[in-house]
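Have a look at the structure, then read on.

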Amino acid sequence: ISNDGLKLFDPGAIDMETSAFNEKIEKELSAIRPLYTHEPQVIRDARDAGFSVFGPIKHLDDIEDRVISGLDTDVPLRVYTPEQVAGVYLHIHGGGFMLNRASYYDELLVNIGSVCNVAVVSVDYRKAPENPYPDGLNDCETAALWLVENCSSEFGTEKMLIGGESAGANLSVTTLLRMRDRHGFRGFCGAVLNYGAYDLTLTPSARRWGERNLILTTKLIEWFHELYAPAEEYSNPDLSPLYADLSKLPPALFTIGTLDPLIDDTMFMHMRWLAAGNRSQLAVYPGGIHMFNAFPIELARKANAKINEFINAQVLKTPEDKKNPGF
């Protein structure tokens, strides 16, 4: 965003469809018990049955379930392979480190795969509180290692991107850091980072948001974090990558809505990404709530089109292009 970015945060910049949609979501969520008053498995069962603001789960038949071996457990993957493969996108889904499955994202990932000609490998990592940190992150690291070792033989390409949304964006960055620091691998050509939670101690926007329910509230964010890891560990860069050395990471696209409690997380991480010498784009959408691009509104279509554009651009880059400091 440019110096005209203030306009993005003007309530008048929110289009009528987005405003009406936000009112509908807030009304629906205000009429039910907060998620943090339920046991995690109760929430999971309800989501599996299609009882949430996201609607019924749509599983697609042209996606393959795979299982790979990890250090301490097998890791399930959900794999979509289009007819033409120019690259591979390693997807790490969101859900507060404790909810959702890779299969919930079939439609989104098939769209990305088909439009961008990339195979999509989505990680069904272990969830808190039954499997707290570092189990889920270990599974994501396992999937990244498997992809590095098998990308060429499985998919006929060596171009790899990584990304996800919310907790999945956190896990995407921490996986990149582990691959760099533990394995000396810096070969991902792009990172798709949608409204991530990068500071478990809470950035100001998350801490000050309160209980207005547009998918997330401050108390819900705190509950997710409490179930994922002990509070004394929150500043650990393996949990909160905002505190990490972010040098030598791939170009990133950061996507966020102005009505997301995690907006500071994205704004801060975008600037730290740049300050570390990496290339970064920031896309801010007026009135976008948490997970806004998962809903059937025009704002979502715009955001998803830009994400696809970014993936295409990174996959099509040549070695010479990488010398160009611009996008």
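Ring pairs join Phe21, Phe54 and Phe295 into a cluster; rings of Phe, Tyr and Trp (its six-membered ring) pair if their centres lie within 6.5 Å, with planes under 30 degrees apart counted as stacked, over 60 as edge-to-face and the rest as tilted. This is a predicted model, where local features need pLDDT of at least 70 and side-chain atom pairs pLDDT 80 or more, while totals for chains, interfaces and linings use all residues. Residues are numbered from 1 along each chain as its sequence is written, and side-chain values use heavy atoms, leaving out hydrogens and water.

**Aromatic pairs**
- The whole structure has 10 aromatic pairs.
- One of them is stacked: phenylalanine 97 and tyrosine 228, at 3.8 Å centre to centre and 5° between the planes.
- Phenylalanine 97 lies in the loop between β3 (87-92) and α3 (106-116) and tyrosine 228 in helix α7, so this pair ties together parts 131 residues apart in sequence; helices (H or I, at least four residues) and strands (E, at least two) are DSSP runs, numbered from the N terminus.

**Helix α7**
- Buried residues of α7 (residues 218-228) include Trp223, Phe224 and Tyr228.
- The buried residues of α7 pack against α2 (40-48), α4 (135-155), α5 (167-183) and α6 (204-208), where contact means heavy atoms within 4.5 Å.

**Cysteines**
- The structure holds 0 disulfides, a disulfide being a pair of cysteine sulfur atoms within 2.5 Å.
- For cysteine 140, the nearest cysteine sulfur is that of cysteine 151, 17 Å away.

Notes:
Buried < 20%, exposed > 50% of the residue type's maximum accessible area, 1.4 Å probe, protein only.
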